Amino acid sequence: MTAVDQPPASVPDFAALKACRHPVAYSHELTVAPIRRRLLGEDLVLWRDSAGTPHVLRDLCIHRGTALSLGRVVGDHIMCPYHGWQYGGDGTCRLIPQLADPTNIPGKAKVDAFRCEERYGLLWVAMQEPRYALPEIPEFDDPDWVVVRAGPYAWNSDASRQLENFTDFGHFPWVHPGLLGDPDRPVVDDYSVRIEGHVLYYDIVRPEAPNSDDFPVFANETASAPERRSRYQLHLPYTILLRLGWGGEKGMVYFFSSQPIDEDHCAGYVTIGRNYDLDQPDSVLQAFEDTIFEQDRHVVESQRPERVPFDLAAEMHLKFDAVAINYRKAMREQGLAKRP
Ligand code: FES
Ligand SMILES: [Fe+2]
């Protein structure tokens, strides 16, 4: 078979991804003012009612197709900016001011409403009944830990590329020298990946850069050639839970999830917990993450194709790419990626 005869590679299946929870905003971003966010190629309006309960509707008024996100919240309803129709959190139209009886609403007057829930300081949306539970992160509820949020990091790439970049430790010395990796110790030790349903588990002890003066964010006490223990859980499709340790009591939890905006846009939400340096201002870790994500963005936005090609015949895999190999396999096996 020549290259031109190759069938198109498997790509993320947006229809299947509707039955997964995706982050669309940090909780603190959502106030009484409606905001527009895009998920899996569809525009949504997010808003809170007078009781603070979040709601997510399709951002399209049934009357003339106006964006509801341009309107405002009135009590428990969101009001379209064009003719003032009001919708409840379930998407049903509750008031049409132009009618003699404005509550005499035709049955057809409603918009799609989607399941949403707040957890870990994020608003999650599933456009269909979700298949998987969110990861359990007891550290985030533990008073001995502090939690910092960074991002969201909006990239011109598919969420699958942003997710794989977060799992890829082979690039640390090259893209983040002195911050995450040590260019003098680029070898990736052997490790194994276990797949249980929609979760991949893998652990690695790997060379780390010494804590830098600019960003003293890690707890390694060795000044030269420190090592870092990383225990990963990769929850399909786009969420990672990473626990870091340096052999003592000090620990850090990274929780990363990428919002699949459309085929070539995504946004990464990073929530970090730690049980040391409790008084350090959030801005230190946020500036560190801003630097790391900016270094990654240039590389990942250059990748072609923009979406991870999920068949193993595409691209080239070596042993240390075991995470990507297993991620691509699991996404196909779970029916979340398929040939177009
Ligand atoms: S377009 Fe929304 S009320 Fe008319
Ligand atoms: Fe990176």
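The side chains of aspartate 311 and arginine 339 meet in a salt bridge, with 3.7 Å from N to O, where a salt bridge is a side-chain nitrogen of Lys or Arg within 4 Å of a carboxyl oxygen of Asp or Glu. Aspartate 311 lies in the loop between H4 and helix H5 (322-333), and arginine 339 in the segment after strand S19 (337-338), so the pair ties together parts that are 28 residues apart in sequence; helices (H or I, at least four residues) and strands (E, at least two) are DSSP runs, numbered from the N terminus. Aspartate 311 is buried, with a relative accessible area of 11%, whereas arginine 339 is partly exposed at 43%; buried means under 20% relative accessible area, exposed over 50%, and partly exposed in between, with a 1.4 Å probe and protein chains only.

This is a predicted model, in which local features need pLDDT of at least 70 and side-chain atom pairs count only at pLDDT 80 or more, while totals for chains, interfaces and linings use all residues. Residues are numbered from 1 along each chain as its sequence is written, chains are lettered from A and ligands numbered from 1 in the order in which they are written, and side-chain values use heavy atoms, with hydrogens and water left out.

By the rule for salt bridges, the count comes to 26. One of them joins arginine 328 and glutamate 315, at 2.9 Å from N to O. Arginine 328 lies in helix H5 and glutamate 315 in the loop between H4 and H5, so this pair ties together parts that are 13 residues apart in sequence. Here arginine 328 is buried, with a relative accessible area of 2%, and glutamate 315 is partly exposed, with 38%. Elsewhere, Arg36, Arg38, Asp43, Asp59 and Asp262 are linked in a network of salt bridges.

The iron ion (ligand 2) is coordinated by His171 (NE2), His176 (NE2), Asp296 (OD) and Asp296 (OD), at 2.0 to 2.4 Å; donors are N, O and S atoms within 2.8 Å of the metal (3.2 Å for Na, K and Ca), and water is not among the atoms, so sites may look incomplete.

Leaving aside its neighbours within four places in sequence, tyrosine 254 is in contact (heavy atoms within 4.5 Å) with residues including Phe166, Thr271 and Phe288.

Threonine 271 has its place in strand S18 (residues 265-274) and counts as buried at 0% relative accessibility. Beyond its neighbours within four places in sequence, the contacts of threonine 271 include Tyr26, Phe140 and Tyr254. Tyrosine 26 stands opposite leucine 122 in S11.

Terms used. Pairing = 2+ DSSP bridges.
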